[in-house]
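Please read them beside the sequence and the coordinates.

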Amino acid sequence: MITTTFKKSYIWLSICAFYALIASLLLLSGDDWAWGSAEGWARLENGFDYYNGRYLGNVIEIFITRSLLFRIAIYALINTGIVYMTWLLLNRKYSVPLILALVVSMPIAIYAETYGWLAGFANYNTSLLAILYILYVAKKKQPKIIELFLVLIVAFLGQFFVENVSVASIVMAVIGLLLAMFYKEKKAVFIMWLIGAAVGAYIMFSNTAYHTEGNMREVGGLDFTVLFTTMITSWSEFYFKDNLILIVLFTIVLAIIGKGQKYLVGSVVVIAMYFIIRNLVGLSSTSLPYYLLVVEFILMCIYLIALLIIVGKSKVKNENKRYFYTYFLYAIILLGPFLLITPFGPRNMLLTYILLVICLLLICDEKIEGWLAKGKNPIVLVAIGLCATFLIMHGANKLEDQNRYDQLIEEYEAGAKYSTLTRLPFEKLGHDLTPRFDNLQRQRQIEYYNLPSDIRIRLSNYVHIEPEPPYGPIEPKYLR
């Protein structure tokens, strides 16, 4: 017993240490430069009025861009908590390294805008943990009074991070309440969830940013004419086509649990092969004709419908099926608003991705569970390998980031017409780590690092330097 407890503690401490190291290596980029400067304090003093209602996320962002210790602590705790709550939601049935490996192996675009970007982390990872905790308590047959109170508080506070999660949280609570009524189960958790979420959403969307004409976050003016185009391009791209690893794993699991359903399993395998090859050759919605995007959307729908039918006819436990269908529905609801509103990016996929990971493990039958139990050592090695890879890549970015600013100053002081800003070796690990030319983020980058205001920058990617841009220093208009 003592040995088992020690091993569990060692695993969680190792995961916490991994995320702490990542936090210490993360580079500020994009909005981080604004939050870490006087502009961030100005937004706080204004109560974030006319900016957004992400009150808690904004406050966290202000502090993690200023204090390395606070950044390390909050980043490690939140991200370890995500792995922990996912493990609990799966009834502690699967090994922690397996869950960690699945979390870390998310599409790099999602990672870059959440785990690799402080502004993304402050809003998306935190709101994810809040939802996972509520779902965990909701699964309990007899939640304690203190747990119900915590659900109320967490549901309320969880509304001040991301708009689509704020809306989805209310819808999820309503669906959960209806299911509880249908199955004649305890409804208190969902009532607390709904109350907290509704009050929090009301306060969040009371911010003038959502009611000011011309503001990017304005509520209203939805354009239904772009619904189908969005659905067959960015929406289906983020939700399904970019998730190569999940497509492979879901297909394998469906082939195993779908005995006696050869036509459905066959269609799933064929469709999966198409999207796997499509992903490997680097195709995207921007490089394909409209008619082919429509065909791909139909193939995706066939795959998802076949998935639902195969699971329904399988010998997977009924309780697991119920939670699978519930979480699968939640995963779609979270992305529903982005069929009509923008901006929509990979960061909006984080909670959906984690719910799909949970869905994947929920439909594993006893045979698969047995194989996973026997393969613990290889899984541990995979998890360690993934973590080590990310540490190496972030470490390389950290080292090169310091060097490139030193080079900028040296060239500027030497009187060079243009100073060369070298791109980082692993740019895809973060968001807007090297802004292009005369945009707002470039101006913020110059200000944050106290670079000369008249510096003229050109970009390099180690082997090629881009032609000198036909303009001079960045205009003051980009300051705000």
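**Notes on the predicted model**

1. Leu 372 is partly exposed, with a relative accessible area of 23%, where buried means under 20% relative accessible area, exposed over 50% and partly exposed in between, with a 1.4 Å probe and protein chains only. Leu 372 lies in helix 18 (residues 366-374), helices being DSSP runs of H or I with at least four residues, numbered from the N terminus. Leaving aside neighbours within four places in sequence, Leu 372 is in contact (heavy atoms within 4.5 Å) with Tyr 94, Leu 98 and Ile 379. The C-alpha atoms of Leu 372 and Thr 230 are separated by 38 Å, the two residues being 142 apart along the chain.

2. On provenance, this is a predicted model, in which local features need pLDDT of at least 70 and side-chain atom pairs count only at pLDDT 80 or more, while totals for chains, interfaces and linings use all residues. Residues are numbered from 1 along each chain as its sequence is written, and side-chain values use heavy atoms, with hydrogens and water left out.

3. The largest nonpolar core has 135 residues, of which Tyr 19, Trp 193, Tyr 327 and Ile 363 touch the most other members; such a core is a set of buried Ala, Val, Leu, Ile, Met, Phe, Trp, Tyr and Cys residues joined through side-chain atoms within 4.5 Å. Helix 8 (residues 118-139) gives the most to this core, with 14 residues. Beyond its neighbours within four places in sequence, Trp 193 is in contact with residues including Ile 131, Ile 134, Leu 135, Met 172 and Tyr 330.

4. Ser 127 also has its place in helix 8, and at 2% relative accessibility Ser 127 counts as buried. Its contacts, neighbours within four places in sequence aside, are Gly 158, Phe 161, Val 162 and Val 165.

5. The structure holds 30 aromatic pairs, counted where ring centres of Phe, Tyr and Trp (its six-membered ring) lie within 6.5 Å, with planes under 30 degrees apart taken as stacked, over 60 as edge-to-face and the rest as tilted. The rings of Tyr 111 and Phe 390 have centres 4.6 Å apart and planes at 45 degrees, so this pair is tilted. Because Tyr 111 lies in helix 7 (residues 108-114) and Phe 390 in helix 19 (residues 376-413), the pair ties together parts that are 279 residues apart in sequence.

6. Which pocket volume should be noted for the second largest pocket? The volume is about 730 Å³, where a pocket is an open set of points on a 1 Å grid over the protein atoms alone, with protein on both sides within 12 Å along at least five of seven lines, and lining residues have an atom within 4 Å of a point. Grid points are joined across faces, edges and corners, and a volume is the space filled by probe spheres set on the points. Of the 29 lining residues, Ile 11, Ser 95, Val 96, Pro 97 and Val 380 are the closest to the centre of this pocket. Helix 1 supplies the largest share of the lining, ten residues.

Notes. Helices (H or I, at least four residues) and strands (E, at least two) are DSSP runs, numbered from the N terminus. On a 1 Å grid over the protein atoms alone, a cavity is a set of points where a 1.4 Å probe fits but cannot get out, and a pocket is an open set with protein on both sides within 12 Å along at least five of seven lines; lining residues have an atom within 4 Å of a point.
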